[in-house]
Structures are given as C-alpha cells and as structure tokens.
Amino acid sequence: MSGEDLNPAAVALPVEDVHGDGRWMSQHTRFKQECKDAEPDVLFVGDSMVQLMQQYEIWRELFSPLHALSFGIGGDTTCNVLWRLQNGELENIRPKVVVLWVGTNNYEHTAEQVARGILAIAQLLTSRLPKAKIIVLGLLPRGEHPNRLREKNAAVNGFLHSWLPRLGQAQFLDVSREFVQSDGTISSHDMFDFLHLTSAGYHNVAKPLCDLLLQILEETPEERRASLV
C-alpha cells in the first residue's frame, strides 16, 4: 500500500440506504443544520460510541458545559465519517477541540487499513481546522471473551500510537485497559452487549477524556499556537 488513495478504509462513502427510510442521510442533514446554529468549543465525531454517550448523565455533567456538539451515527465506519466531514459537517464551525472515535465497525478492513483511515480523518480535520486540537480515542476491546476482533482493535491502537504524534495537532487517548478484567473477560456492568457502553463504562472513558479536554481548553491562545509549531 503506497498511500491513502489505495486504502479502502480512507475512501469517503455515504451509507447505502438499504432500508429505504433515509435515516442516515437525515441525521447528516441535521448535523449540517446544527453547524449553522451552534458555536461549539468541542466537536465529537464518530459512530454509536459517540452517539449513545449523549443518552447518559455523564454527557450533561461533563461535556455539555464545555459547549460540546455530537455528530455520532451508529454503524458508521471511517469511510462514512470521512464522507460526512467532507460534505458539510465542518462548515461554519470552529471548535477548539475535535474528539474522533471511529473504527470498530470497519469489519472488511485490516487493522493497518483502519488505522490509516482514522489517520486520514485526522489529517482532514487538521487541514480544515488548523487551529483545533484533535483527540483520537482508541478502539475499545469487544466481546465477553478474547477474540480476533479484540486483537484487531488492539493492533489498530498500536498503529495509531505510533503514527498520530506525527500530525502535531493530534493526541491519542487509549483507555482500553480499563475494560478487560484479570481473567480476560469484559463485564456486562461496563458493556451491556459487550460492545456498547453502560453508564459505568462511559465513566471510564469520560473522566480521562474530560481531564484532557479541560487541559487543552484552558491553554492560552499563545500556548495553543506554540504547541502546534
């Protein structure tokens, strides 16, 4: 693979409307409208892990006060998020921080392809929002017991840990170790279906993420510019 143009996980694609109800495009259209009305300091972008966070009290406690906007759609892959961002979901907004959380739904792609797809999104964000910091959340383990998708997600995180520092604006936050117990299992207390998070599971993610967001948001403009050099 000689570049992102050959990577299927970095090809911008809308979701095919196989059910015929237009739900995905309707959500995208709503997000574009929110860009016209809102002035977020923090933008969350991703799949159901982002989407469902809004349903829990932790969103109202920690993230709403930071003037956060959430553009999460369940089932999205890196391709879908890339398409959304290229087609209006960054118009008219200038967030100080973007939180990107996507990749666990890229079943057809290898770990390296997924990581490069995430990197392509981060590169787009830094290009469109040159003054913003990017926080990329690591993929979480999944399944009650050890399995190949867990291994793949861990491999994606390994690539991201190595590659993201090259962007300068991007930081990698990996909290995956918080979810695997000593016997290798994941508890339904943290993931109700061993993929999506409960309130307790989101707390494991939200606390370190909020700490990092506050650290970035409290930087002076001079400190922020210096950190981007």
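The report below takes the sheet, then the rings, then the pocket and the cavity.

This is a predicted model, in which local features need pLDDT of at least 70, side-chain atom pairs count only at pLDDT 80 or more, and totals for chains, interfaces and linings use all residues. Residues are numbered from 1 along each chain as its sequence is written, and side-chain values use heavy atoms, with hydrogens and water left out.

**The sheet**

Five strands form an open sheet in the order 2-1-3-4-5, with parallel pairing. Strands (E, at least two residues) and helices (H or I, at least four) are DSSP runs, numbered from the N terminus. Two strands pair if DSSP finds at least two bridges between them. Strands of a sheet pair through backbone hydrogen bonds, either parallel or antiparallel.

Strand 2 (68–72) and strand 5 (170–173) stand at the edges. Each has a single partner strand, so one side of each is left without a neighbour in the sheet. From one strand to the next, the twist averages 20°. Axes for such angles are lines fitted to C-alpha atoms, for helices over the stretch in contact, and angles run from 0 to 180 degrees between N-to-C directions.

| Residue | Partner | Partner's strand |
|---|---|---|
| F44 | S70 | strand 2 |
| F44 | V99 | strand 3 |

Strand 1 (residues 42–46) and strand 3 (residues 97–101) run parallel and are joined by five bridges. Strand 1 also pairs with strand 2 in the parallel sense, over five bridges. Strand 3 and strand 4 run parallel too, with four bridges between them.

How many residues of strand 1 are buried? Five of its five are. Buried means under 20% relative accessible area, exposed over 50%, and partly exposed in between (1.4 Å probe, protein chains only). V42, F44 and G46 point one way from strand 1, and L43 and V45 point the other way. In a regular strand the side chains alternate between the two faces of the sheet.

Strand 4 (residues 133–137) is mostly covered as well, with five of its five residues buried. K133, I135 and L137 point one way, while I134 and V136 point the other way. I134 is buried, with a relative accessible area of 0%. I134 and L167 are 33 residues apart in sequence and 9.4 Å apart in space, C-alpha to C-alpha.

L100 sits in strand 3. L100 is buried, with a relative accessible area of 0%. From L100 to Q86 the separation is 14 residues in sequence and 15 Å in space, C-alpha to C-alpha.

**The rings**

The structure holds seven aromatic pairs. Rings of Phe, Tyr and Trp (its six-membered ring) pair if their centres lie within 6.5 Å; planes under 30 degrees apart count as stacked, over 60 as edge-to-face and the rest as tilted.

The W24 and W83 ring centres are 5.6 Å apart and the planes stand at 50°, so the pair is tilted. This pair links distant parts of the chain, with W24 in helix 1 (residues 23–37) and W83 in helix 4 (residues 78–86), 59 residues apart. Both W24 and W83 are buried.

W59 and F63 form another tilted pair, at 5.6 Å centre to centre and 50° between the planes. These two lie four residues apart in helix 3 (residues 57–63), so about one helical turn separates W59 and F63. W59 is buried at a relative accessible area of 5%. F63 is buried at 0%. Ring pairs link W59 and F63 with F44 into a cluster.

R116 lies over the face of W163, 4.3 Å from the ring centre. A charge sits over a ring if NZ of Lys or CZ of Arg is within 6 Å of the ring centre and within 35 degrees of the ring normal.

**Pocket and cavity**

Rolling a probe the size of a water molecule over the atoms shows where empty space is left. On a 1 Å grid over the protein atoms alone, a cavity is a set of points where a 1.4 Å probe fits but cannot get out, and a pocket is an open set with protein on both sides within 12 Å along at least five of seven lines; lining residues have an atom within 4 Å of a point. Grid points are joined across faces, edges and corners, and a volume is the space filled by probe spheres set on the points.

The largest pocket has a volume of about 330 Å³. Its lining holds 17 residues, of which V15, E16, R23, W24 and G74 lie nearest the centre. Helix 1 gives the largest share of that lining, four residues.

The structure holds one cavity of 30 Å³ or more. The largest cavity has a volume of about 80 Å³. Residues lining the largest cavity include D47, M49, W101, L139 and M191.
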